[in-house]
Each structure stands twice: as structure tokens, then as C-alpha cells.
Amino acid sequence: MMQYETKILTTKYQKPDAYGALSMPVYYTAAFEFESAKAMGDAFCGRSMAPSYARIANPTTTYLEERVRQLTGATSVTALNTGMTAIHYALTAVSAAGLNIVASKHLFGNSVSLLRDTLATFGVEPRFADFTHPEEVEAMVDDRTCALFFEIITNPQLFVADIRRLARVAHEAGVPLIADTTVVPFSVFRAQDFGVDIEVVSSTKYISGGGTGLGGLLIDHGRFDWAQSPSTALQQLTRKVGRKLAFTARVKTELTTNLGGLMTPQAAYMETLGLDTLDIRFRRQAETTLWLARQCQQMPEIRRVNYTGLEGNPFFELSKAQFGPLPGAVFTIDLDSRGAAWAFIDRLKVIRRATNLFDRKSLAIHPASTIFGRFTPEQCRAMSVQDTTVRLSIGLEAREDLLEDIRQSMQ
């Protein structure tokens, strides 16, 4: 069987390139010409794989989707404009007015507001639970629950849930498990092996690598029996296309067409380039992260270092069992106060003051005043977002230079 490092570089194009280009061309076009009226009708009605219109499909974007599908072994992949779009599509595809989604209370800020402020206005009830306690999750599930949704390592709290236990809770209740797996790439973590049905990834992060563009991936592992879903739309699609393909059909033929969030060919081209070096970059960044986290533990100015790859971390054993010894390229430090955290960030010279994660450059941010800046102090406390926390996303710089920057910023 072909190894991951080889497979990532050998996915064939949908059609041979006329000039034998080694990089998939960027198809800068909105429309496509057809040989006949019948061929046009077949494309628009899904009877052929030919692209009908670039809002629905583009060869460059389709190639990225196929590469990710080959790498993950998924049933289907849909490339979208942002990670938030992928989350939106995933939750919209399974929900309807009158249904509820049981979600982690330790989600990224905009994921919380999507559930609480956007989907709720359309009659979808969000129910927030602590996913590190599966019994609490199970207590919230009822016959109107349409999904469980969580992050495999929460941002920025870095909490880790027992994914297999959550999968048992979900599947015993006839509910799909939807996971945001952005923090650990699929070159390391195979979500389907742990019972995840639907995976969402912000490809802006590791895959893009250089912060060159936005993107999101919606990955359907084809495991869930959608005949069990309380969604009428998915039940109808199950009768039409089968139990395993209903979710993919709704995303590909309804949401992508009607909402218009398909990834642009320009972004897809940049992300196919990022895929080539994804695993190499991740391992270098994660190794540096673990080394820096250990060095920071020796600094008296730092009250707490949080990285699930550190022995002594409360999630160390579970994290190692699920993600191996390198659980991502982000860690947090806690200082004495918000003022101390801001002063530390302001003194940085090598690490950039910026949002985003897993860029080639190292980045620092104060989550409580930025990502969660629109939440009240009480809401932040409920989500375990601390005013003293600085999040550090580690890039490809020399680790000694990053350590020196952290040290000089403590003074």
C-alpha cells in the first residue's frame, strides 16, 4: 500500500493536462463550454462529472478535493471558502427548525456565535456541554438531537475529549459525530478511526501554511446511516441516493449551489501546493512547539504552560493515545494579569502579533481580548477563557531564536 508521503504527491488530475503540467492549472473561468445540449443537461443535473458553473464546481477546486479524499480515505470532500463556511455547511446540512445540536461549550468564539446567534434564529437549538465529561453530553441528547459537535483539541483552552467515548454516545443515540480537527492535521490524526462521521478543517491553517488565503474542508467519511437522522431533508435524500450518501448529496447539490461558498480556484491552487509539504512542516513545527513548551516551564515569570504533549498535563495520556507525541503546533502560557500578557506580546520581536494558526511564521495573540473580545467576562469564564492567557502558534523559525524572543519579552 502506498505510503502517505508518496500518495500526497501522486493523485492524478481528473483529465490529462494538454501540456503535461506537473502543477494543476488554475482555471480562471466562471463557465464551461459543452459539446451538446445533452452534455450540458447532464452536467447541470449531476449525470456527469463535468463542471457546470464555477459556483458549483471548478476543476482546480475539484482536484484539491480529490487529493484530500485520497489522503483521508473519505467518501467525499467539499472545499469551501473558509473554515467557518465548512462548519456552517456541516451544521446546516444536518439540522432543521425544531432540532437541537449538542455542542462543546469550549468552542472557538465564532463557532459559539454561529450556534447561539445565527442558527438559533432559524429555530435550531444549541445545547452546550462539557465534552470532557461524556456523561454530561449524553444527558443532553434526546430524540430531536441532530448532531454532536466539538473540537478535538479546544482553542485556546487545549482541552481534549475522549473521541471514542463520544462516538459511542452519538451512535447509540443515532446521532452523527461532527469534529473540528483543525489543530492536528489528517496526516497524523485519522478521525474516522475514532468514530468521527463528519470532519471540518480550516485549511487556512496547516494546509495553506503561509497564510496566503482562506479555505475550509468538509469531509464526509460515509460512516453514518442518515436514515436515522431527524432531518426530513436527509431522510428524503436517503431514500433517493442511499443511507451513506445523503449528507454528501445535500452538501454538493443543495448547499454549495444555493449558498455559493465553494473555494475559489486561486485559493485551491495555493492549498494544493501547501499539501505537498504539509506533513514535513507539521512535524517540524510541532517538534519546536514541544521543545519551547518545555523551556517555558523553566521560566519563573510564567505561571502556567499548557500543551497536551507535556507530561504532567491533565490530558497528556489521552492526547498521546489519540494524536501521538506531537499534538499540534500551538501552546499557551499564563502570566500574572492581562496587563502582563499584553506587555509580553508588545515586546515580541520575532513572533508576530497576529491571529491565525499554523502559519510558517510564529504568531501570538491574547484570546480573551480578541477572539473572545465580544463575550462578557462571565461568558469567558464559563468557557474557561482566561484573561492571563497568551496563545502561541509556532512556525518554522529556528527554535533558539523563538526561545530568545520569549525570554527577552518577559523582561
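This report walks through some side-chain features of the structure above.

## Ground rules

The model is predicted, with local features needing pLDDT of at least 70 and side-chain atom pairs counting only at pLDDT 80 or more, while totals for chains, interfaces and linings use all residues. Residues are numbered from 1 along each chain as its sequence is written, and side-chain values use heavy atoms, leaving out hydrogens and water.

Let's start with helix H8 (232-241); helices here are DSSP runs of H or I with at least four residues, strands are E runs of at least two, and both are numbered from the N terminus. Leu234, Leu237 and Thr238 in H8 are buried, a label for under 20% relative accessible area, with exposed meaning over 50% and partly exposed the range in between (1.4 Å probe, protein chains only). Looking down the axis of H8, the buried residues fall within an arc of 110°, so they line one face of the helix. That arc is taken from the directions from the helix axis to the C-beta atoms.

The buried residues of H8 pack against helix H4 (83-94) and H9, where contact means heavy atoms within 4.5 Å. Over on the other side of H8, Arg239 and Lys240 are exposed. Just after H8 comes Gly242, with a positive phi of about 110°.

## Aromatic pairs

Across the whole structure, a search turns up 10 aromatic pairs. Rings of Phe, Tyr and Trp (its six-membered ring) pair if their centres lie within 6.5 Å; planes under 30 degrees apart are stacked, over 60 edge-to-face, and the rest tilted. Tyr13 and Tyr63 make an edge-to-face pair, at 5.0 Å centre to centre with 80° between the planes. This pair links distant parts of the chain, 50 residues apart: Tyr13 is in the loop between helix H1 (4-7) and H2, and Tyr63 is in helix H3 (residues 59-72). Tyr63 counts as buried because its relative accessibility is 7%.

The ring centres of Trp226 and Phe247 are 5.4 Å apart and their planes sit at 20°, so this pair is stacked. Here too, distant parts of the chain are linked: Trp226 is in the loop between strand E7 (216-220) and helix H8, while Phe247 is in helix H9 (residues 246-259), 21 residues apart. Both Trp226 and Phe247 are buried. Phe189, Phe194 and Phe323 form one aromatic cluster.

## Salt bridges

The whole structure has 16 salt bridges, each being a side-chain nitrogen of Lys or Arg within 4 Å of a carboxyl oxygen of Asp or Glu. One of them joins Arg127 and Asp142 (2.9 Å, N to O). Those two link distant parts of the chain, 15 residues apart, with Arg127 in strand E3 (residues 125-129) and Asp142 in the loop between helix H6 (134-140) and strand E4 (145-151). Asp142 is partly exposed, at 31% relative accessibility.

Another bridge has Asp225 meeting Arg243 (3.2 Å, N to O). Asp225 lies in the loop between E7 and H8 and Arg243 in the loop between H8 and H9, so the pair ties together parts 18 residues apart in sequence. Asp225 counts as buried at 16% relative accessibility.

Asp279 and Arg283 also form a salt bridge (3.0 Å, N to O). They are separated by about one helical turn because they are 4 residues apart in helix H11 (residues 278-296). Asp279 is buried at 9% relative accessibility, whereas Arg283 is partly exposed at 37%. Salt bridges that share partners join Lys38, Asp42 and Arg47 into one network.

## Two buried loop residues

Thr181 is in the loop between E5 and E6 and counts as buried at 1% relative accessibility. Leaving aside neighbours within four places in sequence, its contacts are Ile152, Phe189, Ala191, Glu199, Val200 and Val201.

Gln192 belongs to the loop between strand E5 (177-180) and strand E6 (198-202), and counts as buried at 9% relative accessibility. With neighbours within four places in sequence left aside, Gln192 is in contact with Thr72, His221 and Arg223.
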